[in-house]
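Good morning, and thank you for joining. Please have the view open as I speak.

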Amino acid sequence: ADRLRYTGLQFGQSSLAPAAPAEVLRRSYGDCKDLSLLVVALLRSLGHEAHLALLRTRWDTISQDLPGVGEFDHAIVVLPGRRSLWLDPTAPGIPVGQLPPSDQGRLALVTDGRAKALTRTPESASAENRRTLLFTIRMNEEGAATVVATGEASGAAAWRIRAERRDRPAEKLKEADERSAKEWLVAETLVSARWEGIDGAAPVVRSRYEVRGSRMAVAYSENATAAVGMRGLFDDLPTMLRERPKDEGAEPKPRRSAVVLPEAHQSEIRYRITLPPGYRVKALPQGEAMRIGPATYESRFAVLSDGTPTASYHFDTAGRRFEPRDAEALRDKVAALLAADAPRFELERTSDALLAEGRGRDAVAELRRLAALHPTEALHRADLANALVRLGMIDAARREAREAVALDEKSAWAHRALAWALEHDPLGRQLGPGADVAGAVAAMRRARDLERHVLDVDLVEETRDADHDGR
């Protein structure tokens, strides 16, 4: 197969009559009928019964009583038996026994003298054409997250990926992986990208991307959020079932014809999120389940017993054919889902929730636990200082804030915590007698300078990246 090249352009007599197998081997190329006849000859030489099969890859009507050769536009191979084995020599990336989507469910003329009628080529079930994505998100205590995205594709989905990647230069693939990962995972840095099953015709293609600085999930000084969108769930649907017509008027004409998909398929997206220390889920997005024609869609959101948030989306076309009304309903639903903001897990600090519930002692214990787990970090001591201010324990708050600054003099959050503690007097009154206003102003100015420096660095890096992209 590696020695032969497929070419679909033939003229004159060769547009109808296949070349002899020996000639195809000599010149190392051929069209669909040339390659199929060669495969038939090879199989027969090994003692297998095999036949050429002509089919039409377009959904036009064929005269089933007396079909003419001109009604067919493609040739493949069939090995008859209790369960006939079909193969398309022009699609080397597909395992033997499977057909590309354009060949499935077509009326075929098998060149066997015993054939009494046209034969319908097999169609794959939706479970045979499956994509799955798992996003494992590890949130940091501050800033953007680290994300590992692993994917699997089988059937037609795997075939399309192989077709995209097989003949592209390694450097181009590397550039495409980096660009795709940064855009798709909203990330600053691609750590690694790995693919398996591209060469040959393995049943499954696997991918793994790891990125840092992904804004899919971000923790700030006072809150955190994680987006769990469904991008990619409907990628195998044709555009007409993912987008509403842009020129559609106030009263669109109802669809009259059914929609037949290239293949039935399934897709699934799952998320598993490791929260920053001291956080918990504040509210879950609302899931839903529905059926449109043969298709089903479901979204689920949950928190495991260990506090881990999870999300999952599942879409199954079940079949290929959608009647006009079902096709329109599916299009409208998919377009609305894709246009909506991505569902989010809103997170809260456990200590903040405890304080809001009036459980100050438990909140302080939680923050001391976190500070003990991270003895060299300023963040949790600064949070503890802020909580102590809310509880009116100003002297203790000042000690914790000064300790936070000592641990990390460049932490703007630590200086803000110190300013907040200093502007309260020992009785907890803001700017009351005994408040260290000058010290609070100095600490706040230091925090602002540190924050401004970070913004300036980010701006320089963004400008540098923009200049690089422009070049």
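I begin with helix 9 and helix 10, residues 412-422, which pack at an angle of about 155° with their axes 8 Å apart. The angle is over 145°, so helix 9 runs roughly antiparallel to helix 10. Please keep in mind that this is a predicted model.

On the helix 9 side, the contact is formed by Ile394, Ala397, Arg398, Ala401, Arg402, Ala404 and Val405. Helix 10 contributes Ala414, His415, Ala417, Leu418, Ala421 and Leu422. Sorted by class, this contact has 10 nonpolar residues, one polar and two charged. The crossing of the two helices is left-handed.

Let us now turn to the other partner of helix 9. Helix 8, residues 379-390, packs with helix 9, residues 394-407, at an angle of about 165°, and here the axes are 8 Å apart. Helix 8 is therefore roughly antiparallel to helix 9. The crossing of helix 8 and helix 9 is left-handed.

Which residues of helix 8 meet helix 9? They are Arg381, Ala382, Leu384, Ala385, Leu388 and Val389. By class, the contact of helix 8 with helix 9 has 11 nonpolar and three charged residues, and no polar ones.

Arg320 sits in the loop between strand 18, residues 309-316, and strand 19, residues 321-322. Is Arg320 buried or exposed? Its relative accessible area is 7%, under the 20% cut-off, so Arg320 is buried. The side chain of Arg320 reaches the backbone oxygen of Gln104 at 3.2 Å.

Thr310 belongs to strand 18. Thr310 has a relative accessibility of 17% and therefore counts as buried. Neighbours within four places in sequence aside, Thr310 is in contact with Tyr271, Arg300, Phe301, Ala302, Leu304 and Phe345.

Beyond its neighbours within four places in sequence, Asp326 is in contact with Ile292 and Gly293. Asp326 and Ala258 are 68 residues apart in sequence, while their C-alpha atoms are 8.7 Å apart in space.

To close, I would ask you to return to helix 9 in the view: helix 9 is roughly antiparallel to helix 10, and helix 8 is roughly antiparallel to helix 9. Thank you for your attention.

Definitions and conventions:
Residues numbered from 1 in each chain as written. Predicted model: local features only at pLDDT ≥ 70, side-chain atom pairs only at ≥ 80, totals over all residues. Heavy atoms only, no water. Axes fitted to C-alpha atoms, helices over the stretch in contact; angles between N-to-C directions. Helix = DSSP H or I, 4+ residues; strand = E, 2+ residues; numbered from the N terminus. Parallel < 35°, antiparallel > 145°, perpendicular 65-115°, else oblique. Left-handed = near helix turned anticlockwise from the far one by under 90°. Contact = heavy atoms within 4.5 Å. Nonpolar A, V, L, I, M, F, W, Y, C, P; charged D, E, K, R; others polar. Buried < 20%, exposed > 50% of the residue type's maximum accessible area, 1.4 Å probe, protein only. Polar contact = N/O pair within 3.5 Å; in protein donor to acceptor, adjacent residues only side chain to side chain.
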